[in-house]
Amino acid sequence: MQHSQTPVIKDLVLVGGGHSHVTVLKRFGMKPMPGVRLTLICRDVHTPYSGMLPGLIAGHYGYDDAHIDLGPLSRFAGARLYHDEVIGLDLANRMIHCRHRPDIPYDLLSINIGSTPGFASVPGAEKFVVPVKPINNFVQRWEQLATRVMEAQSAMRIGVVGAGAGGVELTLAVQYRLRALRRQAGRTEAELEFHLFSASGTILPTHNRLVQRKFMRVLNQRGVQVHTNFRVSAVHEDGIRSADGQTFALDETLWVTDASAPAWPAESGLDVDAQGFIAVNDALQSVSHPDVFAAGDIAAVINHPREKSGVFAVRQGRPLEANLRRVLLDQAPQPFHPQSKWLALISTGDQYAVASRGKFYVAGRAV
């Protein structure tokens, strides 16, 4: 933290080290605000860049390549860094409740904590699946999964639940890495069997048909068995069951379905949407508490609903930072309109990717 002789007039507290807050910290470091004390509270000091997760899993990146160290960034921003987990808010008295330290006061609060696994209604999922979110936890659990697979003396059946861009990418990245590890150990790739489960009638349901067909060809070529219209109703130690009674035996199950929100924003009294995400207006400001902002997965922009994707969190960084400054100066925040179409880069695990936007796509190693 950089020390200043300027008296503290207002406390700006950032909860979470997500993509939006990384931009806020960088820009406050480039242009500090005298009299504003900046504090970052985050559960994980190293924040992963979600777009690089498949490359990290596939072995193309190292840990440091795909993570941002929030320590140096906080020092650059002149921010206090508290390594802790927020568990609630006292909105009336503007206090933040942490798991391990005393309450922290704020004048202005911004929340960018991502999302949690969306399997609360599925019996057995919490105990038996490996969820991809939060990403910080997944990286560690992936290494444990890889170790289990390599130590297994018989064939392994690996399933991925969720066939959006994240599920398709993760399936191919995991397959690529585990096959490479098996080859290095002198073992056959045939010992690995992969299954991808989609609750809808297709894979990549938010992408155009050309992209869907492209990835169906890739998945078929790689030997991945795709199961559509398979809505998981229960998970047990050795497999999963669908709502219509189908069962599949699996040794490992990865969960990449729609995300959900932690309980504490709603329990604290913030207005939330039907899924528990913080309801914000076009300025990324809470619709119920104007001294609270939210961005990234945890935010639900009421007038502009979008899927949960890191591309939106990155794009929200600059307007969030600008509006935080405006409110600190007692000015009205300005609306931000997210793009209705966006570029998605979906990798195939082997340093080849498809760029998808609207009705168009392009594929290749250059992508």
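This is a short chat about a predicted model of one protein chain.

Q: What rules apply to this model, before we start?
A: It is a predicted model, where local features need pLDDT of at least 70, side-chain atom pairs count only at pLDDT 80 or more, and totals for chains, interfaces and linings use all residues. Residues are numbered from 1 along each chain as its sequence is written, and side-chain values use heavy atoms, with hydrogens and water left out.

Q: How many helices and strands are there in the protein chain?
A: The protein chain has nine helices and 23 strands. Both are DSSP runs, numbered from the N terminus: helices are H or I with at least four residues, strands are E with at least two.

Q: What radius of gyration does the protein chain have?
A: The value is 22 Å. A compact globule of 367 residues would have one near 21 Å, so the two agree. The radius is taken over C-alpha atoms, and the globule rule is 2.2 Å times the number of residues to the power 0.38.

Q: And what box do the C-alpha atoms fill?
A: Roughly 65 × 40 × 40 Å, along the principal axes.

Q: How much of the protein chain is buried?
A: Of its 367 residues, 51% count as buried. Buried means under 20% relative accessible area, exposed means over 50%, and partly exposed is in between (1.4 Å probe, protein chains only).

Q: New topic. Which residues of helix 3 are buried?
A: Helix 3 covers residues 70-77, and its buried residues are Leu70, Gly71, Leu73, Ser74 and Ala77. Seen down the helix axis, they fall within an arc of 165°, so they line one face of helix 3. The arc is that of the directions from the helix axis to the C-beta atoms.

Q: What do they pack against?
A: Their partners include helix 1 (19-30), strand 2 (36-42) and strand 5 (80-83).

Q: Take serine 74. Which residues is it in contact with?
A: Leaving aside neighbours within four places in sequence, serine 74 is in contact with Leu40, Ala79 and Leu81. Contact means heavy atoms within 4.5 Å. Serine 74 counts as buried because its relative accessibility is 1%.

Q: Where is tyrosine 361?
A: Tyrosine 361 is in strand 23, residues 360-364. Its relative accessible area is 30%, so it is partly exposed.

Q: How far apart are tyrosine 361 and glycine 71?
A: They are 290 residues apart in sequence and 38 Å apart in space, C-alpha to C-alpha.

Q: So what is tyrosine 361 in contact with?
A: Beyond its neighbours within four places in sequence, the contacts of tyrosine 361 include Leu210, Lys214, Arg217 and Val354.
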